Amino acid sequence: MEYLKSFLIGGSVISGAKIAANVLGPELAPIVGGLPTGIIASFFLTSNASKQKFFEGYAYSSFILFLAILFIHLITSHYKKLSVNMVSGSAFIVWAILSYVIIGAHKKGKI
């Protein structure tokens with residue numbers, strides 16, 4: 001039941017962003033789609049220690065996400081003929097790899 005609640009909250013955010021894009025316009029959809037689900041997810045963790053570790057990783061991952069979104073915006077604004085999906089997919093992969101590497105390095109005490 002615990003995983004079902006988490007799944008429903010996450011799915012609601014994605015569906016809400018799609019609805020917001022259709023109703024309010026795509027430029028306002030990130031208000032819903034960009035909800036800090038990581039903060040919401042922390043409420044499902046049991047101890048303060050696990051929540052603190054979670055937020056350590058979340059801070060790194062969120063900063064890298066900011067850079068990825070900025071990259072997507074700048075590249076697709078400058079190179080209008082590029083596929084936004086292709087740039088977004090590439091940025092997503094780079095975000096995932098960098099997040100894993102940097103959080104792993106932090107965990108091992110290397111940063």
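The predicted model has a mean pLDDT of 91 over the chain, and 100% of the residues reach 70 or more, pLDDT being the predictor's confidence in each residue on a scale from 0 to 100. Because the model is predicted, local features need pLDDT of at least 70 and side-chain atom pairs count only at pLDDT 80 or more, whereas totals for chains, interfaces and linings use all residues. Residues are numbered from 1 along each chain as its sequence is written, and side-chain values use heavy atoms, with hydrogens and water left out.

The chain contains five helices and zero strands, giving the order α-α-α-α-α from the N terminus on; helices (H or I, at least four residues) and strands (E, at least two) are DSSP runs numbered from the N terminus. Taken along the principal axes, the C-alpha atoms fill a box of roughly 45 × 35 × 15 Å. Of the 111 residues, 16% count as buried, where buried means under 20% relative accessible area, exposed over 50% and partly exposed in between (1.4 Å probe, protein chains only).

The largest pocket has a volume of about 950 Å³ and is lined by 25 residues, of which Pro30, Gly33, Gly34, Leu65 and Ile69 lie nearest its centre. Two or more lining residues come from each of helix 1, helix 2, helix 3 (37–42), helix 4 and helix 5 (84–107), with helix 4 giving the most, nine residues. A pocket is here an open set of points on a 1 Å grid over the protein atoms alone, with protein on both sides within 12 Å along at least five of seven lines, and lining residues have an atom within 4 Å of a point; the volume is the space filled by probe spheres set on the points, which are joined across faces, edges and corners.

The C-alpha atom of Ser62 is separated by 9.5 Å from that of Trp95, the two residues being 33 residues apart along the chain.

Note on methods. 1 Å grid on protein atoms, 1.4 Å probe; cavity = no way out; pocket = protein on both sides within 12 Å on 5 of 7 lines; lining within 4 Å.
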